[in-house]
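I'm opening my notebook and working through one structure today. I'll jot down each thing as I look it up.

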Amino acid sequence: MRTVTILGATGSVGGSTLDLVEREPERFQIEALTANSDVDGLAAIARRTRAKIAVIGDASRYQALKDALAGSGVEAAAGPEAIIDAARRGADWTMASIVGLAGLEPTMAALSCGKSVALANKEALVSAGSIMIRAAESAGARLLPVDSEHNAVFQCYEPEPGRVSRIILTASGGPFRTWTREQMRTVTPAQAVKHPNWSMGAKISIDSATLMNKGLELIEAHHLFPIGADKLDAIIHPQSVIHSMVEYIDGSVLAQLGAPDMRVPIAHALAWPERMATPCARLNLATVGKLEFETPDEERFPALALAKAALAAGGARPAILNAANEAAVAAFLGGAIGFLDIASAVAEVLAQYEPPAPTTLAEVVAIDAEARQKAAGVMRRMAA
Ligand code: NDP
Ligand code: MG
């Protein structure tokens, strides 16, 4: 029996994780579940899974959660500190699936326990990569990649030094893969969240539409796998059947394939180093028929170029890129700026300042806050 904590249990990845965990109640026991504001969703899954504790990030909803859990035997807690405490309970396996930098401190708390942490929350790794990897190493924690591309690489990667010559991440290209810049100018949030192959939370869906997601994933790969930034590539593959590839010095290329369903990589991380059965659709290549590939167009999708430059420059650049992007995506979803303004705002913030590389968590948080402030200023000017 393994104990499981899900940080971000009410989200898309959280829901897919619960779907797997609840299929094998004799194998997994829920320790803690967290959410930000969805009290009803959190209380329902906490009752259903008989979790030990449920935590809501929004402290003003504590009473509502307590009422919703009355008589269930599930403990209730609230506030960002309570989420960190829940992560620190040290479940055997923790899913880090909070969206955005808000997930950084809870994920670090889970890592400090020295157990297995399945990582979906890429923004934390993008912003605090080397700090996070060092923390995992010193605590003896196992970081298991859940992002489908990184999980694919993890499955194909031989860690012996000097063997791997390149990592190639695949990208669906998003809903606007074939659109011109002119067509993208008037895109609405409803159009942009409609991903062709995957059903995901709003923020990552927008990132997929701008290709910022692939840029964040290149940075993520750089931290998860010990390989130079110059050996990381992205390729557009609209069918999302090949989830990523590892090229070896002898010219062999290993790929992981499967139907596009997040439960596959989550199951891999949940059962690792074993395997577990899933109800996911089986891949039928004859039905798929054709696998296509194309080079990403960084002129139509400048967010990818911005992320690549941040990866190459390192230091504080990835944290600034991520913070400005989170702010811009939120503004786009709220109707304050246009779709093309997202990458423009990120570029402007990156051009504004050059803080030294962060070496502590507090420095990452400070850089993130400053970049969000600058992004707000840039976007006020855009909207005017
Ligand atoms: P969702 O928006 O669906 O879910 C986000 C979760 O985080 C919810 O449980 C939400 O709670 C919680 N949350 C949001 N803000 C805060 C906060 N400030 N403090 C604490 N909790 C918070 O996101 P996804 O599941 O799509 O994505 C989660 C992460 O996984 C992201 O980093 C994403 O990039 C990554 N990922 C997602 C994939 C997918 O298929 N969805 C694929 C690969 C990676 P509430 O419901 O109360 O708002
Ligand atoms: Mg991905």
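Before I talk about domains, I need to know where their limits come from: the bounds are taken from an automatic or database domain assignment. I also have to remember that this is a predicted model.

**Entry 1: the domains.** I looked up how the chain is divided. The assignment gives domain 1 (2–145) and domain 2 (150–260 + 292–383). I noted that domain 2 is written as two stretches of the chain, 150–260 and 292–383. How far apart are the C-alpha centres of domain 1 and domain 2? I get 24 Å. For the contact between them, I find 23 residues from domain 1 and 28 residues from domain 2.

**Entry 2: the ligand.** I counted 24 residues around ligand 1, and the closest are T10, S37, D38, E123 and G201. Sorted by class, that shell has 11 nonpolar, nine polar and four charged residues. I also checked the helices: helix 1 (12–21) and helix 6 (122–139) each supply at least two residues of the shell.

An N or O atom in the side chain of E123 is 2.6 Å from an oxygen atom of ligand 1. How much of ligand 1 does the protein bury? Taken alone, the ligand exposes 900 Å², and 85% of that is buried by the protein.

Entry 3: I moved on to strand 10 (residues 242–248) and strand 11 (residues 253–257), which pair in the antiparallel sense over five bridges.

Entry 4: A reminder to myself: most residues other than glycine have a negative phi, and most peptide bonds are trans. So which backbone spots did I write down? R50 has a positive phi of about 50 degrees although it is not a glycine. I found R50 in the loop between helix 2 (39–49) and strand 3 (53–56). Then there's the peptide bond from W272 to P273, which is cis, with omega near 5 degrees. P273 belongs to the loop between helix 12 (263–271) and helix 13 (285–288).

Conventions:
Residues numbered from 1 in each chain as written. Chains lettered and ligands numbered in written order. Predicted model: local features only at pLDDT ≥ 70, side-chain atom pairs only at ≥ 80, totals over all residues. Heavy atoms only, no water. Pairing = 2+ DSSP bridges. Helix = DSSP H or I, 4+ residues; strand = E, 2+ residues; numbered from the N terminus. Near = heavy atom within 4 Å. Polar contact = N/O pair within 3.5 Å; in protein donor to acceptor, adjacent residues only side chain to side chain. Areas by Shrake-Rupley, 256 points an atom, 1.4 Å probe, with all protein chains shown as cover. Nonpolar A, V, L, I, M, F, W, Y, C, P; charged D, E, K, R; others polar. Contact = heavy atoms within 4.5 Å.
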